[in-house]
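Trainee: I would like to learn how to read a few local features in a model. Could we take them one at a time?

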Amino acid sequence: HYGWSELRALYHRDEKYILAPEDELYALNDDEEENTNLASEPSHEGRREELAQNLRDLVDRHSTNALPAATASLSRDDMEALRALGYTTTASNTIEEGSLADPKKKIGVYNRLTQASGRLGRQEYDAAIEVANEILQEEPDLLEAHVLLGNAYQQKGMFRQALTSLYRVIELNPQANFTMIDIVSALLNLGEYDRAVREAQTFLTTFPEDPVLHEELGFAYFYKGDFESALGALENSIRIEPNPVALSKAGEIYAMQRDYPTAESYLHRSLAMNPRSKNTYYVLGYIEETRGNPDQAMENYKKELENNPQEFRAAYNIATIMRKQGHYDSAIPFYRKTMEANPGFNMSYFMIANYFLERDTHLDEAIELCKRGIEAKPQDESALLGYEILTRVYAKRGDRANYELYSRRAKALLAALGKGR
């Protein structure tokens with residue numbers, strides 16, 4: 001582990017022997033505190049060699065029927081939880097020890113690694129990055145430090161820097177499947193979907209039965225808009241090891257294809273495995289809404305918000321259903337929840353502003369909401385609704401100057417969008 005030699009010890013009567021790059025031998029009857037290492041004394045050379053061979057034979061004998069080292073399979077949620085707690089998830093292969101460093105001389109490095117891991121778990125990302133870089137100045141090939149550095153950069157949203165560290169991990173340990181998954185995830189976060197597909201396919205040649213790699217490949221295809229390939233990869237993930245994330249995403253694709261019975265089957269399987277599965281109740285709500293069941297749709301959207309308060313689409317859809325049912329007053333809190341969850345989604349600003357306009361109240365706030373909504377997406381067609389509400393508010397107030405100003409801006413946007421007359 002850590003790319004250092006393993007330590008093995010053998011107790012024989014009053015003797016303690018430690019097999020390491022610098023081995024140790026103590027006579028415990030005379031030296032209980034192990035202050036005098038006899039391994040380097042010529043008078044004990046024969047005994048040291050005998051104990052070393054006995055220890056090697058013991059290890060070989062008890063390793064004969066041992067299971068081969070297996071690559072652990074963790075779900076996406078498991079891996080994210082480990083990262084959030086500051087744990088690293090890639091171990092070095094130390095089977096061929098050769099001239100590996102003596103871990104007894106690496107206590108200081110180990111302690112600093114533990115310190116950096118703790119800081120990562122406390123979300124002190126800058127401090128974790130600083131300590132990891134200090135360690136790498138001394139130990140440039142210390143795999144665990146590169147893993148930790150990559151995780152810290154990922155948690156901080158610095159995905160480009162994370163990739164540099166993660167690719168270094170693969171150079172040091174080509175079997176680091178957790179790091180392969182992290183690389184694909186970082187590429188997805190960067191929006192480099194074609195590259196994510198290529199890397200996932202390459203990594204799957206090494207680990208063809210890794211369910212999370214198949215899942216990540218499915219997400220990459222999904223974001224590319226290749227839904228059939230996405231389903232194929234997700235189905236492979238589910239075949240190898242059913243997990244709620246892959247089931248939910250597959251259910252979403254089936255819903256997009258209007259195969260609602262199949263979609264519901266996958267979505268309910270996801271919820272059976274994890275009742276708090278993100279996005280799952282949202283898709284169930286979408287299915288009910290398209291079937292013309294608004295009340296059932298709202299129930300599912302509300303359950304989604306319980307599981308995932310940041311799912312702004314669920315909040316916005318609830319508000320829209322309430323408004324259409326004539327409950328505009330009840331819709332306003334959900335429009336505000338949409339704003340809080342996603343400040344860049346401008347329609348919620350405009351719907352609240354329109355509510356104030358229709359009731360001739362809080363017009364100053366209506367103006368401010370329209371301006372914020374337009375600012376969020378100034379060149380998007382949706383901004384035209386903001387301009388329309390804004391000019392109507394200024395007309396109601398008799399503010400001709402601002403009415404004409406925002407009318408001109410609306411016409412300029414229309415022209416830029418190719419919609420002007």
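Trainee: Where is the place of His-362?

Mentor: This is a predicted model. His-362 sits in the loop between helix 17 and helix 18 (363-376).

Trainee: What value does phi of His-362 have?

Mentor: The general idea comes before the case. Most residues other than glycine have a negative phi. For His-362, phi is near 50 degrees, a positive value in a residue other than glycine. Arg-13 is another case, with a positive phi near 55 degrees.

Trainee: Where does Arg-13 lie, and is Arg-13 buried or exposed?

Mentor: Arg-13 belongs to the loop that runs between strand 1 (8-12) and strand 2 (15-19). Its relative accessible area is 78%, and exposed means over 50%, so Arg-13 is exposed.

Trainee: In what order do the strands of the sheet come?

Mentor: The order is 1-2-3, in an open sheet of 3 strands with antiparallel pairing. Strand 1 and strand 3 (24-27) are the edge strands, each pairing on one side only. From one strand to the next, the twist averages 10 degrees.

Trainee: Over how many bridges do strand 2 and strand 3 pair?

Mentor: They pair over 4 bridges, in the antiparallel sense.

Trainee: How should I read the packing of helix 17 and helix 19?

Mentor: Two packed helices are described by the angle between their axes and by the distance between those axes. Here helix 17 (residues 347-359) and helix 19 (residues 383-397) pack at about 25 degrees, and their axes are 10 Å apart. Angles under 35 degrees count as roughly parallel, and helix 17 and helix 19 are therefore roughly parallel to each other. The crossing of helix 17 with helix 19 is left-handed.

Trainee: Which residues make the contact?

Mentor: From helix 17 come Met-347, Phe-350, Ala-353, Asn-354 and Leu-357. Helix 19 contributes Ala-383, Leu-385, Gly-386, Ile-389, Arg-392, Val-393 and Lys-396. Sorted by class, the contact has 8 nonpolar, 2 polar and 2 charged residues.

Trainee: Is Asn-279 buried or exposed?

Mentor: Asn-279 is found in the loop between helix 12 (260-273) and helix 13 (280-290). Buried means under 20% relative accessible area, so at 13% Asn-279 counts as buried.

Trainee: What is Asn-279 in contact with, leaving aside its neighbours within four places in sequence?

Mentor: With those neighbours left aside, Asn-279 contacts Ser-248, Glu-252, Glu-304, Glu-311 and Arg-313.

How values were computed:
Residues numbered from 1 in each chain as written. Predicted model: local features only at pLDDT ≥ 70, side-chain atom pairs only at ≥ 80, totals over all residues. Heavy atoms only, no water. Axes fitted to C-alpha atoms, helices over the stretch in contact; angles between N-to-C directions. Helix = DSSP H or I, 4+ residues; strand = E, 2+ residues; numbered from the N terminus. Parallel < 35°, antiparallel > 145°, perpendicular 65-115°, else oblique. Left-handed = near helix turned anticlockwise from the far one by under 90°. Contact = heavy atoms within 4.5 Å. Nonpolar A, V, L, I, M, F, W, Y, C, P; charged D, E, K, R; others polar. Buried < 20%, exposed > 50% of the residue type's maximum accessible area, 1.4 Å probe, protein only. Pairing = 2+ DSSP bridges.
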